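Look at the sequence and the 3D structure below. The report that follows takes up a helix, then a sheet.

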Number of protein chains: 8
Amino acid sequence: MNLDTLNKLLESVADGRTSVTAARDLLKDLSVEDIGYAHIDHHRALRKGFPEVIYGEGKTAGQIDGIMEKMAAQEDIILVTRLDAEKAGFLLERHPNAEYHADARILLMAPGEIPEIGKGTIAVISAGTSDIPVAREAYLTAHAMGNRVETIWDVGVAGIHRLFAHKAVIDQANVLIVVAGMEGALPSVVAGLVNRPVIGVPTSIGYGVSLGGMTALFAMLNSCSSNVAVVNIDNGFGAGYLAAMMNRE
Amino acid sequence: MNLDTLNKLLESVADGRTSVTAARDLLKDLSVEDIGYAHIDHHRALRKGFPEVIYGEGKTAGQIDGIMEKMAAQEDIILVTRLDAEKAGFLLERHPNAEYHADARILLMAPGEIPEIGKGTIAVISAGTSDIPVAREAYLTAHAMGNRVETIWDVGVAGIHRLFAHKAVIDQANVLIVVAGMEGALPSVVAGLVNRPVIGVPTSIGYGVSLGGMTALFAMLNSCSSNVAVVNIDNGFGAGYLAAMMNRE
Amino acid sequence: MNLDTLNKLLESVADGRTSVTAARDLLKDLSVEDIGYAHIDHHRALRKGFPEVIYGEGKTAGQIDGIMEKMAAQEDIILVTRLDAEKAGFLLERHPNAEYHADARILLMAPGEIPEIGKGTIAVISAGTSDIPVAREAYLTAHAMGNRVETIWDVGVAGIHRLFAHKAVIDQANVLIVVAGMEGALPSVVAGLVNRPVIGVPTSIGYGVSLGGMTALFAMLNSCSSNVAVVNIDNGFGAGYLAAMMNRE
Amino acid sequence: MNLDTLNKLLESVADGRTSVTAARDLLKDLSVEDIGYAHIDHHRALRKGFPEVIYGEGKTAGQIDGIMEKMAAQEDIILVTRLDAEKAGFLLERHPNAEYHADARILLMAPGEIPEIGKGTIAVISAGTSDIPVAREAYLTAHAMGNRVETIWDVGVAGIHRLFAHKAVIDQANVLIVVAGMEGALPSVVAGLVNRPVIGVPTSIGYGVSLGGMTALFAMLNSCSSNVAVVNIDNGFGAGYLAAMMNRE
Amino acid sequence: MNLDTLNKLLESVADGRTSVTAARDLLKDLSVEDIGYAHIDHHRALRKGFPEVIYGEGKTAGQIDGIMEKMAAQEDIILVTRLDAEKAGFLLERHPNAEYHADARILLMAPGEIPEIGKGTIAVISAGTSDIPVAREAYLTAHAMGNRVETIWDVGVAGIHRLFAHKAVIDQANVLIVVAGMEGALPSVVAGLVNRPVIGVPTSIGYGVSLGGMTALFAMLNSCSSNVAVVNIDNGFGAGYLAAMMNRE
Amino acid sequence: MNLDTLNKLLESVADGRTSVTAARDLLKDLSVEDIGYAHIDHHRALRKGFPEVIYGEGKTAGQIDGIMEKMAAQEDIILVTRLDAEKAGFLLERHPNAEYHADARILLMAPGEIPEIGKGTIAVISAGTSDIPVAREAYLTAHAMGNRVETIWDVGVAGIHRLFAHKAVIDQANVLIVVAGMEGALPSVVAGLVNRPVIGVPTSIGYGVSLGGMTALFAMLNSCSSNVAVVNIDNGFGAGYLAAMMNRE
Amino acid sequence: MNLDTLNKLLESVADGRTSVTAARDLLKDLSVEDIGYAHIDHHRALRKGFPEVIYGEGKTAGQIDGIMEKMAAQEDIILVTRLDAEKAGFLLERHPNAEYHADARILLMAPGEIPEIGKGTIAVISAGTSDIPVAREAYLTAHAMGNRVETIWDVGVAGIHRLFAHKAVIDQANVLIVVAGMEGALPSVVAGLVNRPVIGVPTSIGYGVSLGGMTALFAMLNSCSSNVAVVNIDNGFGAGYLAAMMNRE
Amino acid sequence: MNLDTLNKLLESVADGRTSVTAARDLLKDLSVEDIGYAHIDHHRALRKGFPEVIYGEGKTAGQIDGIMEKMAAQEDIILVTRLDAEKAGFLLERHPNAEYHADARILLMAPGEIPEIGKGTIAVISAGTSDIPVAREAYLTAHAMGNRVETIWDVGVAGIHRLFAHKAVIDQANVLIVVAGMEGALPSVVAGLVNRPVIGVPTSIGYGVSLGGMTALFAMLNSCSSNVAVVNIDNGFGAGYLAAMMNRE
């Protein structure tokens with residue numbers, strides 16, 4: 001339930017279309033609903049403008065299903081991240097209108113077209129082909145939150161003319177998400193070209209002293225470009241979420 | 001030189017107030033000026049809306065002075081960060097209109113009042129008293145870049161009612177900078193309360209397994225609140241800079 | 001054999017109900033019994049008030065069974081931790097009165113109801129749904145050692161009002177166990193609310209720079225609340241055991 | 001202000017000895033007092049039974065003095081930890097009734113004899129002579145909080161008969177604090193002897209792969225004795241504080 | 001070929017029992033034999049008193065077989081370490097007189113009884129039941145090299161009376177190997193009791209901050225007992241080998 | 001397309017053998033071709049003298065196939081590294097003239113004999129048998145790039161006379177690649193013998209504190225011989241590539 | 001003594017200009033001269049084409065002086081690295097023809113102009129002004145070894161147009177040394193532009209997770225450009241030495 | 001007091017030369033003497049054949065003096081390690097017959113010539129000149145414990161012919177101590193040459209990824225020579241002590 005739907009409910013009570021009892025039942029768990037293994041924070045959409053997102057790892061398919069059912073009573077859009085294919089299969093059977101994106105390991109349940117509410121464009125750029133799954137997680141999250149998103153894949157610094165070929169998209173973006181593994185150098189270069197915030201997403205792509213993404217992470221945190229903020233390794237979701245926050249009016 | 005001053009110069013040439021020769025001399029190093037030990041990127045203010053910032057560590061006072069002189073010919077505002085008191089003394093003698101902020105180790109040279117250009121308020125919050133120097137670096141940077149900035153000091157999670165006492169400032173901020181050492185928990189709590197981007201700044205305050213700020217950094221990167229982006233340890237400057245980027249129209 | 005059963009045995013010898021020979025056979029391995037691959041410390045229940053707990057990892061099912069048989073001759077309660085489902089299956093066939101808790105990977109053999117001997121209540125709190133297995137290990141251990149235990153699941157700091165909804169349970173607890181992965185911030189917040197010892201249990205839940213629980217561990221060790229003690233990552237057992245020690249008269 | 005002094009104040013108001021105005025002035029900052037660089041949590045003594053402790057590192061002597069003055073209006077006992085000799089000198093001049101313990105870097109201000117309120121004895125044990133400063137910090141903290149404390153110095157595991165010579169003190173303690181650097185083995189051995197909680201305090205004593213205390217810390221967290229909880233490296237204060245919490249009725 | 005067999009061969013040539021040609025063929029690869037994927041160091045037994053030991057990990061079964069065949073022409077005893085069961089099955093078919101010890105992952109080929117050449121007894125002590133496989137690797141290596149070896153299993157420091165029950169064996173040993181995971185404290189305690197060299201072998205047994213054996217390793221390197229030398233994690237072979245070197249006349 | 005083929009194409013246009021249209025089609029994607037999931041850098045062979053090499057890890061077999069097809073239109077030699085056997089099977093069916101080297105996980109497609117263009121010999125030396133796969137990756141890469149390559153396997157420092165037996169090959173090499181795991185000492189020793197550049201390749205062979213090759217890497221970076229440069233752990237490809245660069249006229 | 005001077009000496013003996021006795025005295029320590037605290041490797045210049053370089057750190061000024069005196073009898077050029085100003089002062093008094101370069105901490109003793117023997121140009125590029133001291137160490141070493149060296153300072157990736165301004169120098173270099181701290185991204189970008197070997201030198205410039213240069217080091221080792229080899233952090237000397245090796249005929 | 005002096009005392013009592021009272025006073029603290037800040041383990045010389053060694057770091061000069069006085073009543077030889085020059089000055093004034101070795105930071109008090117009791121020779125070998133102080137600590141310790149010790153300095157692997165020049169000393173040693181920083185390769189090479197135990201001592205000499213000696217330590221623990229045992233970084237004392245243990249009859 002977001003501010004909009006809350007307003008509509010209260011107006012509906014005011015003009016008698018909804019009974020007080022019915023409204024009370026809808027609102028009684030508004031703050032938080034305790035279902036034993038989880039406290040569902042229905043208040044979150046009011047407070048933060050987007051409902052709680054379900055982190056799929058470490059939860060059983062049954063637990064996720066239980067949370068989805070409770071949320072479905074209140075929210076339009078439900079997003080499950082870090083969901084493996086097996087759990088996704090179970091959930092798709094019970095929520096046939098959901099869509100599973102295997103590359104990004106995201107399950108998205110949304111009512112038709114998602115209205116665009118972001119004020120500008122978000123650009124998602126990946127350094128390598130192998131970084132695409134994380135970049136796609138960022139793309140889908142920002143998209144689900146109502147943003148126009150452009151993507152540019154495989155433009156790492158070893159052949160820097162590939163990046164410059166996309167200068168137009170880069171220049172007009174309001175927020176940029178740059179996804180890179182290995183030496184994680186791309187966010188520095190991109191951020192040096194623009195005057196907008198750049199969100200660096202290190203990936204675990206690489207071997208040896210890529211250290212599961214630590215090297216890319218640390219490189220981005222040490223960026224000599226000052227307009228780079230960083231999220232956790234492989235955290236495409238967080239980058240998409242943050243970009244949506246920055247792209248609000 | 002920013003877009004505004006470039007426009008004015010060209011208009012001045014157009015109506016004859018400035019000779020072509022004089023303008024050429026002003027513009028000839030616009031892209032980049034090579035003074036041996038440094039390439040000064042005069043183009044940066046045009047490209048990024050704010051002139052190059054001088055990182056004081058590892059440069060001699062003489063080198064900083066040389067860079068400042070070249071920049072002063074083109075820019076209104078000059079910012080030197082990570083400047084120790086000794087070098088600051090040397091520079092203040094040669095640039096008497098600059099101001100040195102010893103706690104934040106920042107030297108700021110600005111022509112009177114800095115005009116406010118940010119669209120909203122930036123809140124800077126510190127978890128402890130010992131984190132204030134880093135928080136001040138963020139404050140001064142965002143301020144120098146033309147933003148209204150509010151500050152709240154010493155509201156760490158061990159007495160969480162202290163934080164809630166400042167809920168009004170927190171709720172109305174457009175961007176929030178949260179500075180914390182030790183366990184670095186404050187950004188998660190603050191981000192859980194708002195629907196705006198939060199920039200976490202880990203500090204090196206602590207001992208033992210605070211690991212010089214690594215623990216706070218990693219904690220912030222693992223925040224269970226999704227709207228937290230992170231910068232390097234003790235990087236108050238970067239946080240202020242990024243916040244300014246996000247607070248632009 | 002604990003102090004109580006030792007007293008009873010000696011009284012039984014004193015009034016002739018038990019022969020000296022029978023008592024000697026029972027007592028001869030009291031200190032420690034060497035069965036080749038293990039020294040069973042029967043003295044432990046006398047010394048520490050609770051019999052040795054069998055750590056299941058790295059032992060074969062046969063070795064565990066052998067130790068259980070020797071212990072069963074002397075002890076009422078037997079606890080096996082870190083036991084995978086396969087070994088548990090083997091052991092349940094041979095010890096049908098035992099109970100296996102798959103989520104907590106604990107096998108518990110106890111004679112009916114366990115008498116309550118703790119002086120107050122122990123509260124076990126988990127930050128996330130994914131942390132429940134570790135929290136359950138703590139719960140079962142404290143329960144097996146004769147304590148009243150209350151549980152609160154999924155009240156992490158990203159929506160801190162969820163925690164405050166349980167203030168009554170938190171306030172009345174004599175010892176608190178707080179289980180959290182990711183940034184590990186919950187113990188600091190809880191400890192700030194109470195004047196009782198809080199045992200922080202970091203979990204390996206998270207990814208990237210959660211570093212398998214190291215970040216949560218270090219965050220807890222750096223807690224700005226002073227009444228937090230910490231155990232090893234995922235060590236729910238140790239937390240339950242320590243809480244029982246603290247909850248004794 | 002603790003529960004006791006609050007009761008007395010209210011009784012004094014009730015029977016007219018104190019005016020409402022005077023009481024209001026005393027109580028108006030009870031929750032938290034904002035003095036710019038610090039939020040003083042006067043509520044803490046009510047909530048936690050002991051007033052806020054001032055962490056001296058990273059604060060200027062002037063800041064500490066300011067906080068002490070505000071606290072002195074409300075509290076009997078003031079404790080400053082991690083205070084170097086220079087700042088201590090400044091503070092002793094302004095608070096002549098305080099006492100500075102140079103080895104433990106603690107400044108303690110207390111009105112005469114501190115009444116004993118702990119229910120049993122706390123034992124503080126150090127592995128080596130070089131660990132004594134940290135052990136003394138634990139001792140002074142527990143003492144300041146009203147506990148009977150016994151100490152045993154220099155009984156490390158390389159000559160384990162030294163430890164056994166003190167078995168009587170060890171056996172009768174209600175809580176044990178064991179301070180050790182290098183391989184950090186002593187807490188495991190001590191905890192194996194008793195059925196009470198043991199707080200392990202790793203110290204930074206050692207060289208090479210003692211890693212500034214990390215090895216001792218990790219060893220203690222891996223203790224094969226289950227009744228060991230651990231605090232941060234060199235955190236004698238935290239150990240003393242926790243022990244006091246555990247030693248309350 | 002060791003000194004003894006070399007002597008015999010030369011005597012046999014001297015008195016005409018062996019032809020020069022035959023001897024030359026036996027000796028021509030004495031220094032080193034290059035078989036493409038390996039240089040077999042036949043000179044080693046002469047130089048070091050024991051033939052090359054084959055490290056099984058990272059070699060194919062075929063490569064190990066090829067090396068064994070070349071060595072069998074010159075050596076009595078062949079030892080293959082870190083050999084998994086599958087490769088062992090392949091090799092046992094081709095070398096039926098070899099024996100595979102699955103717990104220690106060692107394959108040993110020896111002609112009947114191995115003569116005892118060590119001057120005293122080697123004691124191998126394990127802290128826990130789970131450490132036995134590594135301890136067995138040490139035992140088998142020292143045994144294969146001609147030493148009398150005594151073993152004591154599961155006498156960790158959490159119940160230190162278990163260790164003292166074996167004081168006689170400990171006191172009479174010429175060299176001691178102490179195998180321990182988790183906090184790795186046992187070598188320090190044992191070394192404090194004796195005046196002989198102690199070889200500490202850290203194992204990867206444990207979880208969380210046992211860090212795959214790093215904690216035990218570092219603890220042993222920081223031992224406050226000076227007569228502890230250390231080998232790599234899980235390196236039972238190295239410990240057995242070194243002990244044999246120390247136990248020579 | 002390299003300089004040679006570009007010259008030929010232009011000559012062919014000049015004398016009318018190739019139409020302008022046909023040449024334009026061949027050249028239009030010369031700089032970079034965007035196929036959605038990848039930007040193929042056809043310009044690379046012109047710029048760097050060798051076409052782009054496909055890094056197989058993290059790409060699907062389909063993606064690799066798509067890239068190979070586009071490249072085949074322009075290049076003679078195609079190299080795919082870090083390719084597992086399953087993907088290789090898929091690709092071999094579609095590119096039957098390619099050859100898969102399972103030990104080195106390399107797929108090489110080359111038109112018959114590769115002409116030798118290097119000015120001297122490259123020597124590839126491995127410390128152990130288990131290091132051969134990485135050494136083979138280096139060998140195949142340098143070979144594919146047109147170099148004469150000599151190999152010496154299994155000459156680690158524990159029997160240093162094995163190395164000296166190959167002094168002739170070592171002395172005459174123009175560039176040396178030395179591959180070693182465990183303590184990574186061999187590059188130092190080899191580099192001490194020659195006056196040519198030595199490329200050290202650490203491998204992940206070892207256990208315990210070999211730390212997946214970090215120890216060998218760090219050892220090589222600390223080499224007391226100054227003519228050692230280092231590449232990432234297990235990066236045989238990079239070593240072969242670099243050696244080819246150094247071996248050019 | 002190098003090949004050239006050895007030839008001349010022998011010719012001088014052959015035609016009677018030098019007595020056998022005098023030659024013998026000059027040659028008797030040719031292989032190695034033991035002066036107690038050091039073995040001077042006079043053979044090195046013969047073997048490696050350049051005399052031993054004295055690493056100044058950890059040696060007393062007296063020890064360095066002693067080594068210099070022995071070397072001066074045999075060599076033209078003496079290089080001392082990592083020499084602090086105090087020791088340099090002592091040595092300059094005793095070797096007045098030496099020159100001390102304070103920024104690079106190098107003392108160089110050479111007889112007038114050093115003849116150029118390298119076959120091409122070596123380019124030394126630094127990412128920042130603060131990296132210049134390390135870059136200067138590389139420059140001076142390569143220069144002392146007889147190479148033409150070009151330098152480009154302060155062209156980091158945050159303003160990448162600064163780098164492109166120097167494309168001519170970059171394109172014509174035979175070997176490139178790229179010196180960078182912080183995120184260490186510059187070698188990747190430079191290496192992507194050329195077909196020559198690039199030696200990356202990470203510096204300890206930076207703070208927080210620059211980790212004393214580890215981040216730059218790891219980033220360079222993970223370079224997505226294949227023609228990057230890496231030396232130890234701040235090892236300008238090694239880079240210069242290696243570049244000289246690569247630049248030989 | 002060692003076995004010898006104890007025998008003499010008891011004989012003296014037996015034949016009436018010493019009164020029972022006098023002997024009792026001498027023997028009453030034999031096990032352990034508690035002087036407040038230290039438990040002096042007089043029993044150690046009986047148990048371990050050498051009196052307790054005083055670790056100077058972290059103890060005040062006064063504490064060391066106090067321990068020395070108590071020990072002097074019972075022991076002939078007193079060794080203080082890790083003693084800085086300032087404390088040594090204080091102690092030399094009060095114990096004029098002691099000798100301070102500044103390079104090794106050792107204070108040794110011994111009655112004239114120390115009798116040789118070791119059965120063979122101990123060789124101490126250093127890789128570099130900068131490693132000599134640690135090597136000297138090993139030398140002095142082994143010497144103080146009654147061993148013949150040979151030393152070879154500065155024979156690192158970059159010029160391996162320097163090592164081979166000392167093959168005679170190496171071959172005849174009973175135990176070898178090899179001291180090396182940087183890549184720590186020397187122990188592997190030496191151990192490959194002999195059939196005796198080699199004690200590797202990593203030093204903190206080096207920079208960058210020498211990581212304060214960790215790289216040398218890990219390299220030695222990964223030695224491909226099996227007869228290498230390792231002690232802590234810079235622990236020359238431990239190596240000398242262990243070598244003495246191994247060199248006993």
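## Helix α4 of chain A

Helix α4 (residues 61–72) of chain A has 12 residues. At 1.5 Å a residue they should span 16 Å, and the end C-alpha atoms are 16 Å apart, so the two agree. The expected span is 1.5 Å times one less than the number of residues. Helices (H or I, at least four residues) and strands (E, at least two) are DSSP runs, numbered from the N terminus.

Several residues of α4(A) are buried, including Ile64(A), Ile67(A), Met68(A) and Met71(A). Buried means under 20% relative accessible area (1.4 Å probe, protein chains only). An α-helix has 3.6 residues a turn, so residues three or four places apart point the same way. The buried residues of α4(A) pack against elements of chain A, among them β4 (78–81) and α5 (85–94). Contact means heavy atoms within 4.5 Å.

## The sheet of chain C

In chain C, 4 strands form an open, mixed sheet in the order β3-β4-β6-β5. Its edge strands are β3 (54–55) and β5 (99–101), each pairing on one side only. Strands pair if DSSP finds at least two bridges between them. β3(C) pairs with β4(C) in the parallel sense, over 2 bridges. Here Ile54(C) stands opposite Val80(C).

## Confidence

This is a predicted model: local features need pLDDT of at least 70, side-chain atom pairs need 80 or more, and totals for chains, interfaces and linings use all residues. Residues are numbered from 1 along each chain as written, chains are lettered from A and ligands numbered from 1 in written order, and side-chain values use heavy atoms, without hydrogens and water.

The mean pLDDT (the predictor's confidence in each residue, from 0 to 100) of chain A is 90. The model scores ipTM 0.89 and pTM 0.92.

How values were computed
Buried < 20%, exposed > 50% of the residue type's maximum accessible area, 1.4 Å probe, protein only.
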